[in-house]
Each structure stands twice: as C-alpha cells, then as structure tokens.
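Colleague: I would like to go through this model and ask what stands behind the words used for it. Please set each value against its cut-off.

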Amino acid sequence: MGDVLSVRDLNRATLARQMLLERHDLPAPAAIERLVGLQAQAPPGPYIGLWTRLAGFERDDLATPIAERAVVKATLMRSTLHLATAADYPWLRRTLHPAMAGAADDIATRRGGKGAFDVERVVEAGRHFFAEPHTYAELSAMLAELLPDVDVGSMRYTVRTHVPLVQVPTDTRWSYPGQPRFTVADAWLGQPVSTDGGDPDDDLRRLVTRYLAAFGPATVTDLQTWSGLGKLKDRVAAVAPDLVTFRDENRRQLLDLPDAPRPAGDTPAPVRFLPEYDNVLLSHQKRTRIVADEHRKKVFLPGLRVARTVLVDGFVAGTWTVEKTKRTATLVVEPFSKPDEATAGALEEEAERLVRFVEPEAAAHAVDLRA
C-alpha cells in the first residue's frame, strides 16, 4: 500500500502545494488555478488568501482580472462560493453539477410541507430572470409571485444550484458587495456554460488530478469532502493506475500524483495568516493535518463559520481579527498558547504587514499580540 506518512508529512505536503511554505511569484489567475478555485464566502477572503501566498501581491492583482472577467465568483465546491478562472469555471461547474442538484433536493426535502414544485419550470424561470443582473432578494420576490404556495427558500436554492450563475463585481475594495447581483455565466463569459455534456470520465480524471495537485496526498473521502460529490470510490479506481499510494498513521489509503512535492515533516514552515473559510481548512475529511482536534471548536464556529487563523510551524495556532477606531486599525492576534520570543516576533512582523494591506486608508496601524 505504500509508505506511511505522518501528520507532519501530510502537513508539509499540503502547505507546499498551497503555497504556504514560501510565497510564490505568480499572477493571481494562475494561483487560483493552482488552488482549483479560492474559497470566497467572505469578500475579503480571496484577497487575503492570495496576499499570504504570493510575493508582492497587491489589491489590483486580483481586482483587475475580476473586472476583466478572467476570474469569476460563483457557486462551486460543496455548493459554496468560490473564485475560479474563466478557463476552469465551465468544466468545474459541469463536473460538480450532480452534487449541487443533490444539495437542492436535500434542502427541498428537509423543508417539505409547503408544496412540491416543477423543478424544470422554476429553473427555466430563474435562467430567464438572471439574463439581466438581479439580487437573490429580487429572485425570491419573483418566485413568490410565480408560485405563492411553494417554499421560496427551496425554489431559490434550486435556481442557485441548477443555473450556472456568477456574481457581478463592483468597483469596491474587495470587488463584491454584501448584497451582490448575479447573472447567467454564459452571457458574462461569452461562452457556453452547461450543466451536462463533456466526457464525465475525463472531467473526473481532471478533478482528481487537480485536487491532488492542490491538496494531496489524500483519500477518496477527502476528495468527496472537498468537492461535495459522493460515491467516488469506483470512479476514482479508474484513475488509480496513474497515481501512487501511501498510508496515513491510521492506515487509510492516500492517493497522490507521482511527481507532486512531499517535503519532509521537519521542513521549516513560516508564520502565515489565513482568511476566514480558507481552502486549506476545509478540503479534507480528517483535518488534523492542519488543525489539531483540541482546537477544532475555536476554528470551526457555530453557523458554519470558519475563523481567521494563524499558522505556526504549519498548524493552526491561533486566530486573528481587525479592530478599528476612528484613526487606528489594530490587528489582534489571539494565540492558543504563549509563543516563544522568536515566534512572537514573526507574528508581529507578519501582522503589521497584513493590517496595512487590509486597512490601507487607516491613519495608523497597530498589532495587539494577546499572548
């Protein structure tokens, strides 16, 4: 079955692929493709996620390709919002559609009670509605008028998961507002975006290899956790001859690309600050390669929120927030345990740089290391 990889081995392999062992000199779209999308529920998240991964990253490095439609924000993995490149979005959306459609069915089943509805009719109404940009609130009003005896939330989620939609960016600091408008993806990108077609086997092979390049070594269950797709074991078996296998400390089989980086577990890992919902925290079924079990409740919060976190020696070792007064923006770091002097200095230095990036217009900047 292959060699055993320790938790530290898995940590370093994942950090290397996530560009968290060293900052890389890449354009933002290339970095987003390497990461197979970038988690984007919170508008600042992708900017901070790229700032911590790319050398010399500045706001316009991402804002410009978003404005030029080379990068889009849309519902993808796990039916959550991600940034993806215009090149990746169509095949990702097509490949992930079964998971999205299934999620909508689950929502409708759980809510029940207020009338079944014709899915095709609702989907077609939604597709027509979003030929022009609209908010989800406006969609809800339209659907309530169309089918007043049906649960609006179920219909809205059905449209969101069945119709390829992208958020319309605005000229704001983080490119997307709190109440965004959406439009159909094919019109926005000027190319067909379908929920079917293509070769399903080729699409899955691409999904497996791209996932492993960004998050491996990993189990089939990890791939399912990241993508939202289920029952992949037999389908992934067709790709297995091109892969190498390892075991983790619990003897689970890990799959990987033959030439992917797997640095030793004692490879130095610098201090890094991650945004809320960062990809690296959400893309494995067992998350101990990055978050110790004892810290899970401090990272994965009620309401499906995920904290802004700090990596020390490659593992989550604290959280951070930004507090603002009239003149000063202060980045507050709350370590889970008291850091040594060298680590404290590294945390303060990185935090100083980050708070200036996040709040460039503040008159003064400060760091509060609450150790």
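This is a predicted model: local features need pLDDT of at least 70, side-chain atom pairs count only at pLDDT 80 or more; totals for chains, interfaces and linings use all residues.

Colleague: Why is the pair of F129 and F130 called edge-to-face?

Modeller: The ring centres of F129 and F130 lie 5.4 Å apart, with 80° between the planes. Rings pair if their centres are within 6.5 Å, and planes over 60 degrees apart count as edge-to-face. The pair of F129 and F130 is therefore edge-to-face.

Colleague: What makes the pair of Y136 and F182 stacked?

Modeller: The planes of Y136 and F182 stand at 20°, and their ring centres are 4.2 Å apart. Planes under 30 degrees apart count as stacked, so this pair is stacked.

Colleague: Which parts does the pair of Y136 and F182 tie together?

Modeller: Y136 belongs to helix α7 (residues 136-146), while F182 belongs to strand β5 (residues 181-184). The pair therefore ties together parts that are 46 residues apart in sequence.

Colleague: Why does F182 count as buried?

Modeller: F182 has 4% relative accessibility. Buried means under 20%, so F182 counts as buried.

Colleague: How many aromatic pairs does the structure hold, and which residues do ring pairs link into a cluster?

Modeller: The structure holds 11 aromatic pairs. The cluster linked by ring pairs consists of Y47, W51, F57, W174 and F357.

Colleague: What sits over the ring of W51?

Modeller: The charged end of R23 does, at 4.8 Å from the ring centre. The distance cut-off for a charge over a ring is 6 Å, and the value for R23 is within it. R287 also lies over a ring face, that of F300, at 4.6 Å from the ring centre.

Colleague: What is known about phi of M19?

Modeller: Phi of M19 is near 60°, a positive value in a residue other than glycine. M19 is found in the loop between α1 (7-17) and α2 (28-34).

Colleague: Is M19 buried or exposed?

Modeller: M19 has 0% relative accessibility, and the limit for buried is under 20%, so M19 counts as buried.

Colleague: Where does R251 lie, and is R251 buried or exposed?

Modeller: R251 lies in the loop between β6 and β7, and has a positive phi of about 70° although it is not a glycine. Its relative accessible area is 57%. Exposed means over 50%, so R251 is exposed.

Colleague: How do you know that β6 and β7 are paired strands?

Modeller: Strand β6 (residues 244-247) and strand β7 (residues 253-256) are joined by 4 bridges and run antiparallel. Pairing needs at least two bridges, so these strands pair. V244 stands opposite D256 in β7, and the hairpin has 5 residues between the strands.

Colleague: Which peptide bond is cis?

Modeller: The bond from G216 to P217 is cis, with omega near -5°. P217 is in the loop between α10 (200-215) and α11 (220-227).

Colleague: How many helices and strands are in the protein chain, and why is the chain called as compact as a globular protein of its length?

Modeller: The protein chain has 15 helices and 14 strands. Its radius of gyration is 21 Å, and the globule rule gives 21 Å for 371 residues, so the chain is as compact as a globular protein of that length. Of the 371 residues, 52% count as buried.

Key: Residues are numbered from 1 along each chain as its sequence is written. Side-chain values use heavy atoms; hydrogens and water are left out. Rings of Phe, Tyr and Trp (its six-membered ring) pair if their centres lie within 6.5 Å; planes under 30 degrees apart count as stacked, over 60 as edge-to-face and the rest as tilted. Buried means under 20% relative accessible area, exposed over 50%, partly exposed in between (1.4 Å probe, protein chains only). A charge sits over a ring if NZ of Lys or CZ of Arg is within 6 Å of the ring centre and within 35 degrees of the ring normal. The radius of gyration is taken over C-alpha atoms; the globule rule is 2.2 Å times the number of residues to the power 0.38.
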